[in-house]
Amino acid sequence: MYLVCFGVGLALAVLSFLGGAFHFHGGHIHFGSHGHGAAAHGGGKASIAPINGFTITAFLCWFGGVGFLLHHYTSLLVPATLMLATAGGLAGAAPIFWLLARVLAPHERELTAEETQIVGVAGRVTGAMHSGLTGEVLFSQGGALRSIPARSENGEPLDRGTEVVVMHYERGIAYVRTWDAAVEQLPSAEHRSLQ
C-alpha cells in the first residue's frame, strides 16, 4: 500500500511538472480555492484550500515513502507505522501549501471583462485565410501575445501580415475583417475620432 501511494504521488508530480514545462494540453487540473480554481475569480485575493491537487500529490509521496521505509526497516507495529507515515505525509504537504498560499496566491488577481474581451481586438493574420479555411490571428492582450483561430467574416481572402479586427466571436472562432473594412463600418463620428 505504501509503495503504491508513493508511486502514484510521484507519477502525478512528474506528469504535473512535464505538463507545465512542455505545455501539454491534456486538460486543466485546478487546485482548490474558495471560489473557482487557482485564482479566486470572485474578486479580492485568491485563497487556496489546504486540500488541493498539489498538496494531495505531496502527501501521497511522503506518506508512501515514509510508510514504506518504516514498514520494511523498523519493527514498529502497523498503527504506529500508519501514524508516523501520516505525519510524514502532512509534513511533506505543508510546505507545498505554504508556497501556494503565501507566495503564489497573493500574486493572482481577477481578470476584468475588458482584459478578456475578444470582439473589437485588432491583430495581425499569422495563418492565411483562403477559400473559407480557418487561419490564425495574433494579437496583444493584457501585456501578452495571444493567438486565436480565425475566419474572414465576409469570405475575403486574408494573407499573412494583414491587419484585422475581430468583429464577432463564436464557438472558439474569431470572425475578422481587415482594419480598413472595419473602420468603414463605424459611424461617421467614431470614424473621424480614429483618424
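## Arg-124 and Glu-163

A salt bridge joins the side chains of Arg-124 and Glu-163, with an N to O distance of 3.1 Å. Its two partners come from distant parts of the chain, 39 residues apart. Arg-124 belongs to strand β1, which covers residues 122–127, while Glu-163 belongs to strand β4, which covers residues 163–170. The model is a predicted one.

Arg-124 has a relative accessibility of 42% and is therefore partly exposed.

## Glu-153 and Arg-177

The count of salt bridges in this model is two. Besides the Arg-124 and Glu-163 pair, there is a salt bridge between Glu-153 and Arg-177, whose closest N and O atoms are 2.4 Å apart.

## Arg-171

Arg-171 is found in the loop between β4 and β5. Its phi is near 50 degrees, a positive value in a residue other than glycine. Most residues other than glycine have a negative phi.

The relative accessibility of Arg-171 is 81%, so this residue counts as exposed; the cut-off for that class is over 50%.

Terms used. Residues numbered from 1 in each chain as written. Predicted model: local features only at pLDDT ≥ 70, side-chain atom pairs only at ≥ 80, totals over all residues. Heavy atoms only, no water. Salt bridge = Lys/Arg side-chain N within 4 Å of Asp/Glu carboxyl O. Helix = DSSP H or I, 4+ residues; strand = E, 2+ residues; numbered from the N terminus. Buried < 20%, exposed > 50% of the residue type's maximum accessible area, 1.4 Å probe, protein only.
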